[in-house]
Amino acid sequence: MINIEIDGKQIQTENGATIIEAAHQAGIAIPHFCYHKKLSIAANCRMCLVQVEKAPKPLPACATPVTEGMKVFTHSEQAVKAQQGVMEFLLVNHPLDCPICDQGGECMLQDMSVGYGGGHSRYHEEKRMVLAKDLGPLVSAEEMSRCINCTRCVRFGQEIAGQMELGQAFRGEHAEVMSFVSGTVNSELSGNMIDLCPVGALTSKPFRYKARSWELSRRRSVSAHDSLGSNLAVQTKNNRVLRVLPVENEDINECWLSDKDRFAYEGLNSAERLTRPMIKRDGQWQEVEWQAALEYAGNGLRHIANGAGAEQIGALATANSTLEELYLLQKLVRGIGSQNVDFRLRQSDFSADGKQQGAPWLGMSIADIGKADRFLIVGSFLRKDHPLLAARIRQAVKKGAQASIIHSVDDDLLMKVAHKTIVAPDALVDVLTQVSKALTAEKQGQSGSGEAAAIAKSLAGGERVTVLLGNFAQQHPQAAQLQALAQQIAALSNGKFGFLGEAANGVGGYLAQATPGANGLNASAMLATPRKAYLLLNVEAELDCANPQQAIAAMQAADLVVAMSAYKHHATDYADVLLPIAPFTETSGTFVSAEGRVQSFKGAVKPLGEARPAWKVLRVLGNLLKVEGFDQDTSEAVRDEALKGTDVAARLNNAIGGVEVKAIAAANGLQRVSEVPIYATDAVVRRSAPLQATADAAIPQAWLHSDELKKLGVQAGAMVKVSQGQGSVQLVAATDDKLPRGVARVAAGHAATAALGAMFGTITVERA
Amino acid sequence: MKYLINLFKSLLLLELFKGMTVTGKYFFARHVTVQYPEEKTPQSFRFRGLHAQRRYPNGEERCIACKLCEAVCPALAIKIEVAEREDGSRRTTQYDIDLTKCIFCGFCEESCPVDAIVETRIYEYHGENRGDLYYTKPMLLAMGDKYEEQIAMDRAADAKYR
């Protein structure tokens with residue numbers, strides 16, 4: 001620790017800290033633009049000049065390390081004169097048209113110019129003009145003349161997002177920030193550049209000219225998309241969500257937000273929103289009153305329970321539903337007498353049920369991930385499924401951690417990967433077994449050769465080893481074996497293992513007991529052996545289930561399908577009752593993130609039209625069906641009942657026993673590898689127009705190794721017929737030589753591939 | 001004795017003459033009453049009356065939808081909706097002033113960075129129906145078009161004091 005003095009205040013600070021860090025710790029404000037605590041130091045705006053005793057000239061506070069006994073003056077005559085001078089120069093080329101700038105009212109330059117700017121301009125010559133850039137559908141660079149060249153966006157791309165999509169070209173007065181050869185910004189974290197930009201050069205494209213910052217009300221919320229549980233500030237005006245910004249939480253999302261969390265709100269007011277309850281009568285959809293719709297649903301369910309038996313009723317929900325909704329759904333179904341309830345729609349292996357000691361979770365806190373020094377990431381489309389976790393791991397790798405990958409595709413993770421093994425899905429178990437064996441050997445001092453041994457060696461050399469199972473591993477047909485092997489590897493390397501988690505409430509679903517009971521059917525079995533009645537919560541059967549063909553067939557065969565949904569969608573083909581429910585911004589609720597953090601939130605706006613929070617709908621449905629225990633008045637009461645008397649941390653446990661690891665026979669033909677594309681994961685995201693306009697939301701292609709394509713005699717770019725089960729679709733063929741042979745990568749969860757079958761298994765690709 | 005003095009005073013009509021003196025004084029003095037509506041009081045060029053929206057000489061509306069007037073309005077009488085126009089410029093799609101709420105403080109004019117919203121000298125207007133005094137953007141622009149000459153003269157006269 002060093003003692004310094006800032007503005008006469010004695011401060012103790014760490015050795016190596018800069019003046020601006022020390023000042024911020026002590027609550028002293030120093031004006032700055034280019035400095036950001038999460039980014040490297042550029043010291044190019046010169047706004048933070050301060051006077052330091054014995055220094056002949058003012059020094060930049062952001063780039064000057066503190067020394068013992070240093071005396072700093074932030075408001076002395078010399079400092080203020082320097083700051084005013086810098087401000088005048090910054091304003092020389094900055095357009096003075098704040099009234100039409102979208103940043104007006106929340107602009108750092110505007111605020112600073114009030115404090116340090118002159119009352120009038122001495123500059124009467126022509127101002128510099130920079131042409132607008134097209135950076136894609138999310139970030140607007142219409143007003144690049146406003147740029148003050150602080151390079152925060154450039155540094156963010158390089159350091160946090162891992163790819164330098166923006167750079168500063170030319171010199172001096174001609175310096176400008178631009179993308180590489182007129183490319184767009186495709187990073188899944190690009191929205192953060194909008195927050196970082198201290199002026200109005202980079203602004204939000206969907207929010208452009210929508211509202212002024214002072215008109216917006218701010219409500220705290222929690223992200224309903226990925227498993228991270230990012231903290232959000234939902235900004236609303238006239239009962240409409242107009243913008244979503246991050247709320248800083250160092251333990252979760254730091255000060256960032258993924259584009260999915262940031263721009264998904266555009267789907268909330270989609271034209272597809274269901275605003276009134278509807279019933280299908282004689283093949284025609286009719287809008288009805290809530291009472292009529294609920295009675296229709298209740299009577300239908302009662303009729304089937306009394307006639308065909310309660311076990312003919314199945315309930316499916318997505319893991320994006322809140323804890324309260326999932327809890328009431330399972331309570332309702334169990335109250336009728338059925339045990340068929342599940343939220344793990346994309347999972348295909350349920351053999352871990354009953355063998356697992358608790359709810360599967362991340363296995364550690366999110367903050368711990370940043371501290372690990374060895375990673376083994378198994379079966380994860382890390383960057384697309386968990387953008388901010390990937391950023392955290394990227395930071396850890398930069399600090400010296402080693403990341404090893406075992407997966408079926410080799411996407412660029414934009415970080416240094418120590419070792420990787422890319423194999424077909426059916427060989428994943430085998431690879432993990434080898435790593436486990438190599439690790440045992442490594443511990444006995446016998447280093448082997450080959451990739452598995454290299455991975456084992458890397459893991460053995462670590463102190464804080466982290467084995468992470470991604471969505472691909474969780475959805476894999478041998479998920480339980482992968483889990484058991486990950487457990488083995490983690491135990492051998494004295495590390496931790498866990499699941500990255502598919503959706504916002506993947507852990508909450510287990511805590512709400514929305515999993516089948518002893519005699520109940522799981523999500524897969526419920527669709528494989530069709531039920532007479534289905535109760536769907538937030539589910540789009542053809543997009544959210546592991547096997548869309550099977551799901552649609554089961555829905556169409558059912559006598560009664562009650563769909564609780566915020567949107568009109570394909571459920572109109574097979575459902576009998578559509579109940580409009582509120583998405584996460586319009587209801588109160590709770591999400592339990594992958595790390596087991598229970599986060600409750602309140603609604604930001606009123607439900608659209610006659611939509612109602614799903615927990616209220618389920619409550620009334622429970623009353624109508626005369627099930628006991630449905631008299632909660634608030635969502636908090638439901639939450640407290642769901643988590644009553646339990647220590648959440650004690651219920652989280654990845655430990656698994658009694659799983660037999662056995663290799664499966666090599667499959668004939670091509671194996672399907674499927675990810676759920678980043679902007680196809682849930683109903684809200686699928687309807688967000690700006691996200692759907694991004695490159696990541698492009699129509700899925702059939703990706704094959706070029707050797708496989710040659711075998712088929714098809715050129716990349718040509719149409720191919722992809723078939724699986726009874727269905728087939730036409731897709732564009734594409735080559736990816738990083739894919740293993742014998743594999744076809746065809747995305748799931750997208751309308752273009754919904755006619756295909758399961759996410760794993762054999763798939764046929766032929767000339768169209 | 002007192003009775004006699006009072007009697008004497010009333011017989012001589014002293015009170016009446018006193019009163020008539022005042023009347024007579026004002027009868028010959030300069031008259032200050034304005035015979036409205038035939039006559040009108042002189043107005044300052046800073047008079048704050050009915051609102052108008054101005055255009056530039058080329059016909060382009062001045063308002064850039066910065067919403068400062070909406071923010072500053074103490075009576076919350078202004079409502080603005082914004083959208084990007086086809087040419088990419090920031091424009092209002094709705095600009096309403098509820099004159100029944102307005103307190104004619106002139107802050108909107110004061111805050112306007114482009115002199116788009118102004119208060120004219122017009123104070124003779126009325127509404128016969130509920131809603132007649134709810135001025136929309138076309139009405140405000142029409143006022144501006146009609147009185148632009150006067151408005152411009154008044155702004156010019158005030159310019160040196162601003």
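Start by selecting A:R152 and, leaving aside neighbours within four places in sequence, show what is in contact with A:R152 (heavy atoms within 4.5 Å): A:H32, A:F33, A:C34, A:Y35, A:H36, A:L39, A:M108, A:L196 and A:P198. This is a predicted model, where local features need pLDDT of at least 70 and side-chain atom pairs count only at pLDDT 80 or more, while totals for chains, interfaces and linings use all residues. Residues are numbered from 1 along each chain as its sequence is written, chains are lettered from A in the order in which they are written, and side-chain values use heavy atoms, without hydrogens and water.

Next, select A:L468, one of the residues with the most contacts inside the largest nonpolar core, which has 96 residues. Such a core is a set of buried Ala, Val, Leu, Ile, Met, Phe, Trp, Tyr and Cys residues joined through side-chain atoms within 4.5 Å. Among the residues that A:L468 touches are A:F375, A:I393 and A:L500.

Now move to chain B, where 14 residues are in contact with 11 residues of chain A. How many salt bridges are there between chain B and chain A? The count is 3. To see a salt bridge, select A:D102 and B:R90, whose closest N and O atoms are 3.4 Å apart.

Definitions and conventions: Buried means under 20% relative accessible area, exposed over 50%, partly exposed in between (1.4 Å probe, protein chains only). A salt bridge is a side-chain nitrogen of Lys or Arg within 4 Å of a carboxyl oxygen of Asp or Glu.
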